[in-house]
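Subject: Handing over the two-chain model

Hi,

Here is the model I promised to pass on to you. Please have a look at it first, and then read my notes below.

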Amino acid sequence: MARLRGPVREHTTDASTPRLEARSLCKTFTKRGNTLEALHDVSFSVAPGEFVALLGASGCGKTTLLRTVDGLEPITSGQLLINGEEEHTPGPDRGVVFQQDSLFPWRSVLKNVRMGLEFQRKPRKVASEQARRYIELVGLGGFEDHYPHELSGGMRQRANLARAFCIQPELLLMDEPFAALDAQTREIMQTELLRIWAETAGGTVLFVTHQIDEATFLSDRIVVLTARPGRIKEIVDVPFPRPRDLSIKRTPEFVAIVDRVWTMIEEEVRTAMGMTTSHDSVDDLEHTALPGNR
Amino acid sequence: MPGDTTQSVWNEKKGSTAPSRKTGRRSWSLVSLYRKRSVWVHTILTIILGMVLWQVAAAHTSELVMVPLGAIWKAFLAAVKSGQLGNDFLASFQGFLIGLVLASAAGIVIGVVMATSKIVFDFVDPWVSAMYSTPLIALAPLFIVVFGIGLTAKVAVVITLAIFPVIINTAAGIRTTDRNLIECANSFGADRLQVFSKVLIPAAVPFIVTGLRLAVGRGLIGIVVAEFFGARAGLGHMVFNASQNFDTAGVWLGVFILAIIGMTLIKLMYRFERWIAPWRDFEVQ
């Protein structure tokens with residue numbers, strides 16, 4: 001339903017320009033004289049309308065990468081291009097769904113969702129109307145005047161999604177948005193996200209996760225990162241047609257991709273955990289679709 | 001839960017015979033009344049108990065220390081009738097209110113400035129902390145010397161006592177704002193002014209109100225002590241005068257009135273806190 005997107009910002013760049021492009025991006029943190037390399041020579045691009053997952057073990061720098069894209073974290077070297085232009089500060093062209101509960105506790109659902117438009121100094125009435133449409137879209141109709149503490153975890157993440165979608169960003173950045181939800185709610189939210197994404201005429205999405213099956217289910221491509229410092233290990237195509245529903249998770253093709261990514265990343269997880277040759281179970285990566293895991 | 005109540009009453013009606021049903025229901029509803037209103041029942045009981053203990057104690061101590069409640073009541077009626085109590089109350093209330101409003105306004109501004117500028121904080125915080133923990137009430141006689149007997153001195157004492165909890169809580173509220181919320185606002189394109197007005201200030205509001213509640217308690221002490229040292233009217237003045245005249249009933253009357261005012265104000269402030277930050281109760285739990 002394209003009507004929800006409203007006027008799309010015009011760009012002088014042509015359609016072949018990637019929405020997001022990282023060129024040899026490096027990020028180093030310095031703390032009390034110690035340096036920590038979080039990202040090393042990361043290059044990848046995301047085409048307009050594409051859904052890309054960033055997958056890696058804990059501490060591999062995937063959240064850092066997302067934060068640099070949002071402009072919350074400066075890059076150390078390399079280039080970060082958004083619509084072909086260097087961007088170093090947060091802007092209304094990017095919307096973020098944070099990992100943790102980042103709804104404002106003193107704001108009702110409606111006021112939380114319209115927050116981004118308020119910051120853009122849109123008239124309150126226009127902002128509220130638009131927010132209501134997105135609240136309806138994420139299935140929170142009737143909860144506009146509820147406060148976050150009155151909602152369940154799943155409902156709060158719906159509100160979080162609505163808030164990010166409401167500013168109609170060209171690039172949606174999601175930082176493990178469903179990590180705190182229980183397994184069933186998470187699966188529902190994954191399908192909901194795909195539905196909302198389709199109904200809003202699909203902006204470009206960069207989705208950080210450590211769950212292989214979530215990345216496989218949601219995305220067109222999976223960017224697999226190594227253990228720290230994060231480098232690109234491989235980029236995996238996920239060829240399933242859309243719309244997708246949860247049943248594809250049981251197809252052999254799906255399981256094959258999950259397996260492939262798992263073997264790719266297993267060594268990285270062990271490195272991240274400080275293990276080298278041990279064959280203990282690895283809790284950090286949940287990969288429910290692995291045959292041996294049933 | 002209302003649903004449960006109707007359900008069980010209905011079941012009882014159906015399941016039992018007429019006479020036992022009647023008595024059963026009555027005792028049941030008394031119990032439920034007690035359960036619902038237990039706070040009130042306990043409060044009334046403890047007040048009655050306190051009054052009884054008072055009377056017993058008063059009968060066994062010197063009249064210069066304690067007098068029976070009846071004597072205090074008589075003093076109350078006399079003070080109301082003569083208009084003296086009304087005068088004293090208004091005089092105290094005026095000084096208290098002006099002092100509290102000024103202390104709140106200045107305290108919030110100073111707290112905000114401290115929280116937003118690290119240099120200001122570093123310079124001011126040691127003084128604020130020192131003055132908050134010092135019994136500044138000891139300076140009350142000096143205020144009388146400087147400002148003379150009257151409203152100005154009272155207001156000055158109230159401000160001196162009330163301002164520090166407001167400053168400290170305001171600054172703490174802003175400084176402890178969840179980093180994630182600030183970052184979230186930044187990421188949604190908020191400028192510095194918007195972060196301030198739409199994140200830092202709302203996040204600090206519950207802290208500020210807590211500071212105001214503390215200020216109310218301290219301001220009340222301030223007004224009474226200021227009136228002890230020099231005033232022409234006011235509840236503190238009334239207590240002081242009564243004690244000078246060995247009018248024990250008058251002393252206790254003043255103390256009781258101050259206690260009631262204090263309790264009422266603090267209770268109102270708690271209400272205000274819950275009304276202004278309904279989400280906070282939940283977070284604390």
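**What I found**

Chain B is built with 13 helices and 0 strands. Read from one end of the sequence to the other, its pattern is α-α-α-α-α-α-α-α-α-α-α-α-α. Please keep in mind that this is a predicted model.

Of the 285 residues in chain B, 34% count as buried. As for how the chain comes together, 73% of its contacts with a separation of 6 or more are between residues 24 or more positions apart.

Helix H10 (residues 192-229) of chain B packs against helix H11 (residues 235-244) of chain B at an angle of about 50°, and their axes are 7 Å apart. The crossing of H10(B) with H11(B) is right-handed. On the H10(B) side, the contact is made by Ile223(B), Val224(B), Val225(B), Ala226(B), Glu227(B) and Phe228(B). H11(B) contributes Leu235(B), Gly236(B), His237(B) and Phe240(B). By type, the residues of this contact divide into 7 nonpolar, 2 polar and 1 charged.

Leu97(B) and Ile110(B) are 13 residues apart in sequence, and their C-alpha atoms are 20 Å apart in space.

**Chain A**

Chain A has 8 helices and 10 strands. Buried residues account for 43% of its 294 residues. Looking at contacts in chain A between residues at least 6 apart in sequence, 73% join residues at least 24 apart.

Helix H1 (residues 62-70) of chain A is mostly covered, as 9 of its 9 residues are buried. Among the buried residues of H1(A) are Lys62(A), Arg67(A) and Asp70(A), and also Leu65(A), Leu66(A) and Val69(A). After H1(A) comes Gly71(A), which has a positive phi, near 90°.

Chain A is divided into two parts: domain 1 (46-75 + 89-93 + 170-294) and domain 2 (104-168). Taken over C-alpha atoms, the centres of domain 1 of chain A and domain 2 of chain A are separated by 26 Å. Their contact takes 12 residues from domain 1 of chain A and 11 residues from domain 2 of chain A. Which element gives the largest share of the domain 1 side in chain A? That is helix H6 (residues 183-199) of chain A, with 5 residues. The residues on this side of domain 1 of chain A divide into 9 nonpolar, 2 polar and 1 charged.

**Where the chains meet**

Between the two chains, 19 residues of chain A are in contact with 16 residues of chain B. The largest share of the chain A side, 3 residues, comes from helix H3 (residues 115-119) of chain A. The residues of chain A that touch chain B divide into 12 nonpolar, 6 polar and 1 charged.

Happy to go through any of this with you.

Best wishes

Terms used:
Residues are numbered from 1 along each chain as its sequence is written. Chains are lettered from A and ligands numbered from 1 in the order in which they are written. This is a predicted model: local features need pLDDT of at least 70, side-chain atom pairs count only at pLDDT 80 or more; totals for chains, interfaces and linings use all residues. Domain bounds come from an automatic or database domain assignment. Two residues are in contact if their C-beta atoms, placed from the backbone, lie within 7 Å. Helices (H or I, at least four residues) and strands (E, at least two) are DSSP runs, numbered from the N terminus. Ala, Val, Leu, Ile, Met, Phe, Trp, Tyr, Cys and Pro count as nonpolar, Asp, Glu, Lys and Arg as charged, and the others, Gly among them, as polar. Axes are lines fitted to C-alpha atoms, for helices over the stretch in contact, and angles run from 0 to 180 degrees between N-to-C directions. A crossing is left-handed if the near helix is turned anticlockwise from the far one by less than a right angle, and right-handed if clockwise. A residue is buried if 20 or more other C-beta atoms lie within 10 Å of its own, exposed if 12 or fewer, and partly exposed in between; C-beta atoms are placed from the backbone.
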